[in-house]
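Please look through the structure below before reading on.

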Amino acid sequence: MNFSIVIDNIPLLLDGLWVTLHLISLSLVLGFMLALPLALIRHFKVPVANQLIWGFTYFFRSTPLILQIYLIYYGTGQFSWIRDSWMWVILEKAYLCGLIAFTLNTAAYTTEIFRNALDTMRKNEIEAAIAFGMSTWKAYTRIVIPNSLRRSIPPYSNEVIFLLHSSSIASAITITELTGAARYLYSKYYDPFTPFLAVSLVYLVIVFLLTYIFKLLERRFLSYLSINHESTKKLGDFGNP
Amino acid sequence: MKKFVLLAMAFSFAFSLSAKEWKKIRIGTEGAYPPFNFVDKDGKLVGLEIDFAKALCAELKVTCTFHAQDWDGIIPALLAKKYDVIIASLSITDDRKKTIEFSMPYYTTPNRFVVHKTSPCGLGTEPNGLTTKTIGVQKATVSENFIVENYKKSGIKSYVTIEEAFLDLKAKRVDLVFNDALSSSNGFLNTPAGKDFNFIGKEYTDPKWFGIGIGAGVRKSDKDLKKLLDKGIKALYSNGKFKKIADSYFPNTDIMISKK
């Protein structure tokens, strides 16, 4: 245990932390924007597109993320027709390859989270919306999608934390993120314990903050599902499964 | 109580004595550094250093087992007692000597830059000529230290294995790769993948950066093992067995440590 290793290399670790944070937040935003329409297509079982998206989510959810990163980074570099095309402007950069891999990966998981929420929407809420004279479009934009998104918060918070942890493999394609910086110190000073413990603490703090934010979101958006909520008290078990 | 402590000390002393007779040696290697140590198509560890290690074990009449370990953890895993010896083209440097003990060197090679044949590196390989270039190196190597300290203005990308650095050289994500010259020629330049590439610039051998050669690494507490390995290496050098192994891999290049 030699904490001077960590203290002497604070700038390196901060750089790593910064890379981790913007890589992950950008992937999450892009993945979220991708996942919403894909989930709706899956929910409405749009022919052909539904099967294609199923294939996409199946592939990205059933193969290890490290393979996806290797395929996108080293895999694409093998083909001269890719290297000679406009795609190479993007694929040449390790950071953008990592961003693509993380975005597609989180989009696949998030699509299935949203689709599941949409599919398990309670019928009586839709019936109530239609009874109010809403069109399908209105019922979806006002009731079904907001409600599904609210109910997706708990599984989505897991996905965010998983993606944060997965980002540690970005160093496999020369992106020095937080874990990569710790690995560098580990091989430079031959001390695995101090740097890895230090970055573990940083991950702990990030996850603590994330959990707190999601707790607040749940309190704000999901309290109506809580058994202590006044509306459910009045309704008894009517509104809840 | 005192008696008990004495007894315990006697036991531990006896135990440590018996532990010093090396009958079994666990060897750690990388397995991704052709032709020195790599995994063949059957998934077996092979290469010059694997042959050398086997000959060494036969010479010392000990049984050896091999353990593959990612390069950047190769010294930490030794310290964590995952194996007893590193035989993995580990350069003997003052920096590493602070942490581990080395056997006598058993081979030596220069380091060189590799570029695409058509690459216009007209300014040579001095730091000032490469400020606009990106150099690929392997993580936690003497080559990386040298490049990171001396080519501060160039782009530097560090790879987990040297094979990945060559993949990116082919893919043009890096302009040059700096690496052990024999590893580069046999692992890349002499293969179909490397036909459009060649060496550029001089051979880098400054002991300040690259050490005095390649040695076997052991823990500082295992001085007896270092002596044993030295004995074995000397024997393999004097009976010609090491030369035979080296010649079978590099018929045209001398990698032997010259006698001074």
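**Cysteines, backbone and charges**

A:Cys97 counts as buried because its relative accessibility is 1%, under the 20% cut-off for that class. The model is predicted, and the values below are computed from it.

How many disulfides are there over all chains? The count comes to 1. A disulfide is a covalent bond between the sulfur atoms of two cysteines. Here the partners are B:Cys57 and B:Cys64, with their sulfur atoms 1.8 Å apart. That distance is within the limit of 2.5 Å used to assign a disulfide. The torsion about the S-S bond of B:Cys57 and B:Cys64 is about -90°, and therefore this disulfide is left-handed. The two cysteines can be classed by accessibility. B:Cys57 has a relative accessibility of 8%, so it counts as buried. B:Cys64, at 22%, counts as partly exposed.

The next topic is the backbone. Most residues other than glycine have a negative phi, and most peptide bonds are trans. Which residues of chain B are joined by a cis peptide bond? They are B:Pro34 and B:Pro35, and omega for this bond is about 0°. B:Pro35 belongs to the loop that runs between strand S2 (32–33) and strand S3 (37–39) of chain B.

B:Lys61 is not a glycine, yet its phi is positive, about 55°. This lysine sits in the loop between helix H2 (48–60) and strand S5 (63–68) of chain B. Is B:Lys61 buried or exposed? Its relative accessibility is 69%, so B:Lys61 counts as exposed. B:Ala140 also has a positive phi, near 60°, and is a residue other than glycine. The loop that holds B:Ala140 lies between strand S9 (134–138) and helix H5 (142–150) of chain B. B:Ala140 counts as buried because its relative accessibility is 19%, and the class takes values under 20%.

The last topic is charge. Side chains of opposite charge can pair when their charged atoms come close. A search of the whole structure finds 17 salt bridges over all chains, and three of them can be followed here, beginning with the one between B:Asp72 and A:Arg183. Their side chains meet at 2.8 Å, N to O. This pair crosses between chains: B:Asp72 is in the loop between S5 and helix H3 (74–79) of chain B, while A:Arg183 is in helix H10 (residues 178–189) of chain A. B:Asp72 counts as buried because its relative accessibility is 5%. A:Arg183, at 27%, counts as partly exposed.

Within chain B, the side chains of B:Asp84 and B:Arg219 form a salt bridge at 3.0 Å, N to O. The pair links distant parts of the chain, 135 residues apart, with B:Asp84 in the loop between H3 and strand S6 (85–91) and B:Arg219 in strand S13 (residues 214–219). B:Asp84 has a relative accessibility of 5% and so counts as buried. B:Arg219 is buried too, with a relative accessible area of 7%. Elsewhere, salt bridges that share partners join A:Arg42, A:Glu112, A:Arg115 and A:Asp119 into one network.

A:Asp119 counts as partly exposed because its relative accessibility is 34%.

Definitions and conventions
Residues are numbered from 1 along each chain as its sequence is written. Chains are lettered from A and ligands numbered from 1 in the order in which they are written. This is a predicted model: local features need pLDDT of at least 70, side-chain atom pairs count only at pLDDT 80 or more; totals for chains, interfaces and linings use all residues. Side-chain values use heavy atoms; hydrogens and water are left out. Buried means under 20% relative accessible area, exposed over 50%, partly exposed in between (1.4 Å probe, protein chains only). Helices (H or I, at least four residues) and strands (E, at least two) are DSSP runs, numbered from the N terminus. A salt bridge is a side-chain nitrogen of Lys or Arg within 4 Å of a carboxyl oxygen of Asp or Glu.
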